[in-house]
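Subject: The structure we talked about

Hi there,

Here is the structure I promised to send over. Have a look at it first, and then read on for my notes.

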Amino acid sequence: MAGISWYSSENTRSNPVPLCSLSNLQLRFLCPADLEEVRRLCQDWFPIEYPDSWYQDITSDPRFYSLAAIYGGIIIGLIVAEIKSYNKLSKEDSTILSVSPHERIDVGYILSLGVSKVYRRNGIASLLLEHLIRYMNTNENAHCKALFLHVLTTNNAAIQFYEQRRFKLHSFLPYYYSIQGKSKDGFMYVLYINGGHPPWSLADYIKHYCEVLVRSDPCSVPAWIWGQLQAVTEWIWPRVGRAAHSTSTLFW
């Protein structure tokens, strides 16, 4: 289901069933035989209805990274992600990266991450996410420069979970979700990998051109001017970043 992702928090307060150790857990990719079990789990975990085609896709289409956590022979957690070309991103999602023309760029998108309620707070969601990130950092996926997701602004547990794992808030998305006939706001979070980075800000350009100027002919710039340029850049940079950040999180 394009444009929808979720997270069923492992931090939700409940009475967790402790695993003896994560070594008791098995990880494997979903297969077509898992479709009905996955459907039941998602209907229990998430307050949205995925179409039948979505379940068919994530359990059979190899373009999806659909990894399940198995305990006692049943699925107790799963993560679903997709690697897609940067050129196929929506306008709002394409703002996550700075790209060069004609450069091949891919991105990873987390559609869903969930764990059964009684097994949360055992590190299962962390384990699933770690395996996805490790896969994204392989040579096979060297062109993948970012891993991103959307999350409800009210899902504080998920926001904390991703921020603790170095995901950065990129933008605020008003009325992004439609849940039970009601519009809900969302955030976009991004983890940069394989040398990927966000588009440059004004401060980034100022710093870059100051450095280019000095490297090209250091003697042409008096030391006191260079010192002033550095001071101005260091003063502007955090303020521009904070201004952009406050704009994005105004409705948090």
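To start with a detail: with which side chain does the side chain of R104 make a polar contact? The partner is the side chain of D106, at 3.1 Å. Please keep in mind that this is a predicted model, and that goes for everything below.

R104 itself sits in the loop between β4 and β5. With a relative accessibility of 51%, R104 counts as exposed, because the cut-off for that class is over 50%. Although R104 and N87 are 17 residues apart along the chain, their C-alpha atoms are separated by 9.0 Å.

Now the overall picture. The protein chain has 252 residues, of which 44% count as buried. Its secondary structure comes to six helices and eight strands, and along the sequence they follow the pattern β-β-α-α-β-β-β-α-β-α-β-β-α-α. If you take the contacts between residues at least 6 apart in sequence, 74% of them join residues at least 24 apart.

In helix α1 (residues 35-45), the buried residues are L35, V38, R39, L41, C42 and W45. These cover an arc of only 165° around the axis, which puts them on the same side of α1. On the other side of α1 you will find R40, Q43 and D44, which are exposed. The cover over the buried residues of α1 includes α2 (52-60), β4 (74-85) and β5 (106-115).

Helix α2 has W54, Y55, I58 and T59 as its buried residues. Viewed down the axis of α2, they fall within an arc of 115°, so they line one face of the helix. That set packs against α1, β3 (64-71), β4 and β5.

At least two residues each come from β3, β4 and α3 (124-136). Sorted by class, the lining has eight nonpolar, one polar and three charged residues.

Last, two backbone details in loops. R121, in the loop between β5 and α3, has a phi near 65°, a positive value in a residue other than glycine. The relative accessible area of R121 is 39%, so this residue is partly exposed. N194 is not a glycine either, and its phi is also positive, at about 50°. You will find N194 in the loop between β8 (182-192) and α5 (202-216), where it counts as partly exposed at 24% relative accessibility.

Happy to go through any of this with you.

Best wishes

Key. Residues are numbered from 1 along each chain as its sequence is written. This is a predicted model: local features need pLDDT of at least 70, side-chain atom pairs count only at pLDDT 80 or more; totals for chains, interfaces and linings use all residues. Side-chain values use heavy atoms; hydrogens and water are left out. Buried means under 20% relative accessible area, exposed over 50%, partly exposed in between (1.4 Å probe, protein chains only). Helices (H or I, at least four residues) and strands (E, at least two) are DSSP runs, numbered from the N terminus. The arc is that of the directions from the helix axis to the C-beta atoms. Contact means heavy atoms within 4.5 Å. A polar contact is a pair of N or O atoms within 3.5 Å; within protein, one must be able to donate a hydrogen and the other to accept it, and residues adjacent in sequence count only if both atoms are side-chain atoms. Ala, Val, Leu, Ile, Met, Phe, Trp, Tyr, Cys and Pro count as nonpolar, Asp, Glu, Lys and Arg as charged, and the others, Gly among them, as polar.
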